[in-house]
Structure formats: structure tokens, C-alpha cells
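User: I am new to this structure and would like to learn how its features are read. Please take me through them one at a time.

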Amino acid sequence: PTTRREHLNIISKVTPGRDFNLQLNAQGHVITHIENQGYEFGTSKSAVPLGEWTFVATTFKDREWKIYLNGQLDATQRVQKNPVWTGTLLTVGNLYPQAGEAFVGSLDDVRIYRKALSPAQIKTVMGS
């Protein structure tokens, strides 16, 4: 990112609910959250530096978020519920058009996988 503010969305699956969001908060921490009759969050311990490329990956498996920064596990957070997956709009760089939650900076090589990647697979993807 080139600036800090709340809700710098990287990727989201929304409408009608917020099934999944991956974003940065005003302190530069990676935030993952789902909504299923209330929000459940995962937050990175480390902040993403301004003006530097940072490899960000997150996995969700068995109700557990894992957040990786530059290939290293940074945070793990268990949640009580699974996403409901009712959202119909998948967006990169914003929550949805005109949401006012656009990512400020550049995004590159955004990927979604059908399964949670292992730590070794995440390091391989980071190097590709």
C-alpha cells in the first residue's frame, strides 16, 4: 500500500453478506473476516510496510485462519463458524464498486485456491 486507512480491500466475496474479506486496517495489519450472524476476524501480528512489495497469503481450514507475510506464518486465529458462502460478487481491490474501500497501491498476482495451501506450497507460490 501507499497509504494507511481502514478497509484497504485486497479481495472480497460479498452481496448480500460479507462472506469473506481480506484487507488491511489503518495500522497496516492484514485483516481476514467472515460474516455468519456476526463477524469473526483474524488479524496479523505484523504490519505490512508502506511502499514495499509484501507477499500476503491467508488460508482457512477447519475454522482456522492462518495469515502469512512474505512466506512466514504471522498469525493463527480460530473462529466459531464457517462462512455461509452466499455472496455473489467477488472483487479484487475493493469491497464492491463504489464502496469507498478501495486498495490504495498496487496488487499483483492475486490467486484463489480450492483448498488451503500448506506452508511449503505457500513458499513455492511466493517464489513463482
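Analyst: Let us begin with a pair of strands. This is a predicted model, and in it strand E3 (residues 29–35) pairs with E4 in the antiparallel sense over 6 bridges. Within that pairing, isoleucine 31 has threonine 43 of E4 as its bridge partner.

User: In what order do the strands of the open sheet of 5 strands stand?

Analyst: As a general idea, strands of a sheet pair through backbone hydrogen bonds, either parallel or antiparallel. Here the order is E4-E3-E2-E1-E8, and the pairing is antiparallel. Strand E4 (39–47) and strand E8 (89–92) stand at the edges with a single partner strand each, so one side of each is left without a neighbour in the sheet. On average, neighbouring strands of this sheet are turned by 10° against each other, direction ignored.

User: Which strands form the open sheet of 3 strands?

Analyst: That sheet has the order E5-E6-E7, with antiparallel pairing. Its edge strands are strand E5 (56–61) and strand E7 (72–78), each of which pairs on one side only. Neighbouring strands in this sheet are turned by 20° against each other on average, direction ignored.

User: What joins E6 to its partners E5 and E7?

Analyst: E5 is joined to strand E6 (residues 64–69) by 6 bridges, and the two run antiparallel. E6 and E7 also pair in the antiparallel sense, over 6 bridges. Tyrosine 68 can be followed across both pairings: tyrosine 68 in E6 is the bridge partner of alanine 57, and leucine 73 in E7 is the bridge partner of tyrosine 68. E6 and E7 form a hairpin with 2 residues between them, and asparagine 70 in the turn has a positive phi of about 50°.

User: Is histidine 33 buried or exposed?

Analyst: Histidine 33, which has its place in strand E3, counts as buried because its relative accessibility is 5%, and the cut-off for buried is under 20%. Leaving aside neighbours within four places in sequence, histidine 33 is in contact with residues including Arg18, Phe20, Tyr39, Phe41 and Trp65.

User: How does glutamate 35 count by its relative accessibility?

Analyst: Glutamate 35 is also found in strand E3, but at 22% relative accessibility it counts as partly exposed. Not counting residues up to four places away in sequence, glutamate 35 touches Arg18, Asp19 and Val84. The C-alpha atoms of glutamate 35 and valine 84 are separated by 7.6 Å, although these residues are 49 residues apart along the chain. A polar atom of the glutamate 35 side chain lies 3.1 Å from the backbone nitrogen of glutamine 37. A polar atom of that side chain also lies 3.1 Å from the backbone nitrogen of glycine 38.

User: Which residues touch the most other members of the largest nonpolar core?

Analyst: In soluble globular proteins, nonpolar side chains tend to be buried together. The largest nonpolar core here has 14 residues, of which Leu22, Leu24 and Val30 touch the most other members. Two or more residues come from each of strand E1 (8–14), strand E2 (18–24), E3 and E6. Apart from this core lies another of 5 residues, among them Tyr68, Leu117, Ile122 and Val125.

User: Which residues do ring pairs link into a cluster?

Analyst: A pair of aromatic rings is described by the distance of the centres and the angle of the planes. In this model the count comes to 3 aromatic pairs, and ring pairs link Phe20, Phe60 and Trp65 into a cluster.

Methods
Residues are numbered from 1 along each chain as its sequence is written. This is a predicted model: local features need pLDDT of at least 70, side-chain atom pairs count only at pLDDT 80 or more; totals for chains, interfaces and linings use all residues. Side-chain values use heavy atoms; hydrogens and water are left out. Rings of Phe, Tyr and Trp (its six-membered ring) pair if their centres lie within 6.5 Å; planes under 30 degrees apart count as stacked, over 60 as edge-to-face and the rest as tilted. Two strands pair if DSSP finds at least two bridges between them. Helices (H or I, at least four residues) and strands (E, at least two) are DSSP runs, numbered from the N terminus. Axes are lines fitted to C-alpha atoms, for helices over the stretch in contact, and angles run from 0 to 180 degrees between N-to-C directions. Buried means under 20% relative accessible area, exposed over 50%, partly exposed in between (1.4 Å probe, protein chains only). Contact means heavy atoms within 4.5 Å. A nonpolar core is a set of buried Ala, Val, Leu, Ile, Met, Phe, Trp, Tyr and Cys residues joined through side-chain atoms within 4.5 Å. A polar contact is a pair of N or O atoms within 3.5 Å; within protein, one must be able to donate a hydrogen and the other to accept it, and residues adjacent in sequence count only if both atoms are side-chain atoms.
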